[in-house]
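Visitor: Hi! I have a structure to look through and I'm new to this. Could you walk me through it?

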Amino acid sequence: MATLRHNNSNNNTNKLSWWQLALFGIGCTIGTGFFLGSSIAIQKSGYFVVVIFLLAALATLFVYEALAQMTAANPEKGSFRNYVREAFGRWAGFGVGWLYWSSEMLILGSSLTAIGIFTQFWFPNLPLWLLTAIYSFLALLVVILGSKGINKTENICAIVKITALLLFIVIAGITFLKGTHIIQPIQGSSAHAHWFASGWTGAWKGLLYAFYAFSGIEVMGFMAIHLRNPKEASKAGRLMLLTITVLYVFSISLALLFMTKDHLTPDKSPLLLALDFMGLPILVHMMNGVLIIAGFSILVASLYGVSTMLVALAEGGDAPPWLANRKGKKQLPLYALGVNTIGLCVSIVLALVMPSQIFEQITTAGGLVLLYTWLLIVASYLKQLRPNLSGQLKSWIAILLILAAVTGPLLEKTDRAGFWSSLLIVMVIILITLWMKHKSERREPA
């Protein structure tokens, strides 16, 4: 049986405490996946959105605990890619590395476009391509500062996002309890009955988008190697997930009290719609600024994650070795950043030239491919660490909930294109993996 190895080569200089990692996780998780993805989840699930967010949070916790335990046993720079490789062989590591890279490049394009749309709320005359180019440059600049700069950026963004959500919860809560002569929550059984019309089938359809709001734990896995004590990674994850789950559930629940299903649109956050209904234009503008900050922090975290993964693939022989070359005083992987920048540009072009419906399908495909990566993380944990009964039960609960989220798009015709696109990406990577494996075996002496 393969075992994870302890790596004690890292010293504790400039290391993170567990609460700093938790704050980093909050910063790289709360983003457009929640502020916009929740709108789609609500449309499909109605009031059941609260239930599916709780289920997605539970599954996310179990996936992260699996990753954290493997990190504690063997803190490696490549994170889950190395663990999958050790569990199932080199070619599994090759496949999961490129799966993650593909999903994140798609998500990067959607995040950039979302930030540009949010900015156009203030500057409608500025072209979307210019805004996305500016944010791409700024994100690259933060990544070039190194992991220390990223950690500071995500911490600041986390504090801003937590404050904004708490402010929304307080204002919406007071308005609901007391109200004014002008501002009142929507009342009456008929006003709320439509939120239950979707039933559990709607909850199944929306589960994917609830999971999407929690994407970012894999980036925490990359940063966990910088902990003073890697064994505290689980504690950081629990605090992070508890915080964002409470914020998500309370803010969505209160927002639903101030709108009907007819008010909801896929390109607007339910929080903005609720604040607009309350007649608070200043807070609408403030929340729009938070949306931009949230999207930018996710952009930075994803760019850091794909760059780290690309370097790990190159160092492991699963990508051209020159991608791992580091330049300058800070020893930055400039070639890897360059390749990711090209991929970023392609994502921007696709987002700009393709119709919105098709672009949404590509974004859905990226989210699905990311969940495939999560499945491989849990599978590696089961094989590598052979957990006790409790650990196995948690893992299988996570697997079943992820499979439910993955199959949800099949229930609705408009979402099936994203599902089949995600399978196409997987099939292409599998075929390349098999070809590389065959090529390697032919080179080996008999």
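Guide: Happy to! Let's begin with a rule for aromatic rings: the rings of Phe, Tyr and Trp (its six-membered ring) pair if their centres lie within 6.5 Å. One thing to keep in mind is that this is a predicted model.

Visitor: Can you show me one? What kind of pair do Phe34 and Phe53 make?

Guide: Their ring centres are 6.3 Å apart and the planes stand at 90°, so this pair is edge-to-face. The cut-off behind that name is an angle of over 60 degrees between the planes.

Visitor: And where do those two sit?

Guide: Phe34 is in helix α2 (residues 32–35), while Phe53 is in helix α4, so the pair ties together parts that are 19 residues apart in sequence.

Visitor: Are they buried or exposed?

Guide: Phe34 is buried, and Phe53 is buried too.

Visitor: Which residues are in the cluster with them?

Guide: Ring pairs link Phe34, Phe35, Phe53, Phe214 and Tyr248 into a cluster.

Visitor: Let's zoom out. How many helices and strands are there?

Guide: The chain has 18 helices and 0 strands.

Visitor: And how much of the chain is buried?

Guide: Of its 446 residues, 58% count as buried. As for contacts between residues at least 6 apart in sequence, 82% of them join residues at least 24 apart.

Visitor: You mentioned α4. How does α4 lie against α12?

Guide: The axes of α4 (residues 49–73) and α12 (residues 233–256) come within 10 Å and cross at roughly 170°. The two helices are therefore roughly antiparallel to each other, since angles over 145 degrees count that way.

Visitor: Which residues meet there?

Guide: On the α4 side they include Phe53, Leu54, Ala57 and Leu61, and on the α12 side they include Leu241, Tyr248, Val249 and Ile252. Phe53 and Tyr248 also belong to that ring cluster.

Visitor: New topic. Where is Ala139?

Guide: Ala139 is in helix α7, which covers residues 128–144.

Visitor: Buried or exposed?

Guide: Ala139 is buried, with a relative accessible area of 0%. Leaving aside neighbours within four places in sequence, Ala139 is in contact with Phe296, Leu299, Val300 and Leu303.

Visitor: How far apart are Ala139 and Leu299?

Guide: They are 160 residues apart in sequence, with 6.7 Å between their C-alpha atoms in space.

Visitor: What about other residues in α7, say Trp129 and Leu130?

Guide: Trp129 is in α7 and is exposed, at 51% relative accessible area. Leu130, also in α7, counts as partly exposed at 30%.

Visitor: Which helix holds Ser380, and what does Ser380 touch?

Guide: Ser380 lies in helix α16 (residues 356–384). Not counting residues up to four places away in sequence, Ser380 touches Met70, Tyr83, Val84, Ala87, Phe88 and Leu385. At 0% relative accessibility, Ser380 counts as buried.

Visitor: What is its phi?

Guide: Arg386 has a positive phi of about 45° although it is not a glycine. For background, most residues other than glycine have a negative phi.

Visitor: How many disulfides are there?

Guide: The structure holds 0 disulfides. If you want to look at cysteines anyway, Cys157 counts as buried at 7% relative accessibility, and Cys345 counts as partly exposed at 43%.

Visitor: Last one: where is Lys437?

Guide: Lys437 is in helix α18 (residues 416–443) and counts as partly exposed, at 34% relative accessibility. The C-alpha atoms of Lys437 and Trp91 are separated by 6.9 Å, although the two are 346 residues apart along the chain.

Visitor: Great, thanks for the tour!

Conventions
Residues are numbered from 1 along each chain as its sequence is written. This is a predicted model: local features need pLDDT of at least 70, side-chain atom pairs count only at pLDDT 80 or more; totals for chains, interfaces and linings use all residues. Side-chain values use heavy atoms; hydrogens and water are left out. Helices (H or I, at least four residues) and strands (E, at least two) are DSSP runs, numbered from the N terminus. Buried means under 20% relative accessible area, exposed over 50%, partly exposed in between (1.4 Å probe, protein chains only). Contact means heavy atoms within 4.5 Å. Axes are lines fitted to C-alpha atoms, for helices over the stretch in contact, and angles run from 0 to 180 degrees between N-to-C directions. Angles under 35 degrees count as roughly parallel, over 145 as roughly antiparallel, 65 to 115 as roughly perpendicular and the rest as oblique. A disulfide is a pair of cysteine sulfur atoms within 2.5 Å. Rings of Phe, Tyr and Trp (its six-membered ring) pair if their centres lie within 6.5 Å; planes under 30 degrees apart count as stacked, over 60 as edge-to-face and the rest as tilted.
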